[in-house]
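Dear colleague,

I am passing on the structure we spoke of, with my notes on it below. Please read them alongside the sequence and the coordinates.

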Amino acid sequence: VPDGWMRMYGLDDPDGGVPPASRKGRLPDGWIRLRALDACCESNPGGRECRAEVLDQDAVLLKSREVGDWLQMTFSLSRDVVGNVFCDLLNSSDRSTVRIWLDGEIVCSEFDHYETGWAEHRVPLGEHGLAAGEHTLRVEVIGKRPEQDKCHIALQAVTIQPEGVPD
């Protein structure tokens with residue numbers, strides 16, 4: 001990891017900086033992982049200057065500065081799936097509090113996306129029945145740390161543990 005990146009974000013990470021492509025990427029057999037980098041993502045604010053594909057973080061990053069900003073990924077399932085659904089986020093020091101929506105319904109009313117270093121989090125969204133076809137996951141900034149002007153979102157994936165598949 002270039003020193004400039006570490007200085008820019010003020011990090012002192014014992015793992016040597018930005019984690020390699022998702023440590024949470026290896027799943028038990030039968031689990032489903034739908035990466036944000038492979039999905040159609042939209043955001044508010046929009047545009048390439050506000051959104052970036054960060055390959056070494058295995059994430060889509062929204063460079064947000066306002067409460068109400070959001071990052072959304074559209075993903076597709078080839079078959080019906082019932083199981084536990086998760087949102088994989090990469091927490092860091094330039095993040096704030098978010099709300100998570102699945103197919104237009106709030107599934108996590110509040111999650112603290114802030115971390116002093118880097119930490120991947122698999123946020124549980126509950127058990128859902130998802131039909132084959134397109135779905136949307138939206139992560140919205142709902143709170144901003146008073147001492148910061150940034151409230152970025154780093155979305156890695158939607159992960160599903162189908163019913164009957166072990167941990």
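How many helices and strands does the protein have? There are one helix and 11 strands, where helices (H or I, at least four residues) and strands (E, at least two) are DSSP runs numbered from the N terminus, and along the sequence they follow the pattern α-β-β-β-β-β-β-β-β-β-β-β.

This is a predicted model, in which local features need pLDDT of at least 70 and side-chain atom pairs count only at pLDDT 80 or more, while totals for chains, interfaces and linings use all residues. Residues are numbered from 1 along each chain as its sequence is written, and side-chain values use heavy atoms, with hydrogens and water left out.

The mean pLDDT (the predictor's confidence in each residue, from 0 to 100) is 86, with 85% of residues at 70 or more. Over residues 1-21, however, pLDDT stays under 50, and where pLDDT is low, the predicted coordinates should not be read in detail.

Five strands form an open sheet in the order β2-β5-β10-β7-β8, with antiparallel pairing (two strands pair if DSSP finds at least two bridges between them). Because β2 (40-44) and β8 (105-112) stand at the edges with a single partner strand each, one side of each is left without a neighbour in the sheet. For β2, antiparallel pairing with β5 (residues 70-77) runs over five bridges, and S43 has L71 in β5 as its bridge partner.

Finally, 49% of the 167 residues count as buried, that is, under 20% relative accessible area (1.4 Å probe, protein chains only).

Definitions and conventions:
Contact means heavy atoms within 4.5 Å. Buried means under 20% relative accessible area, exposed over 50%, partly exposed in between (1.4 Å probe, protein chains only).
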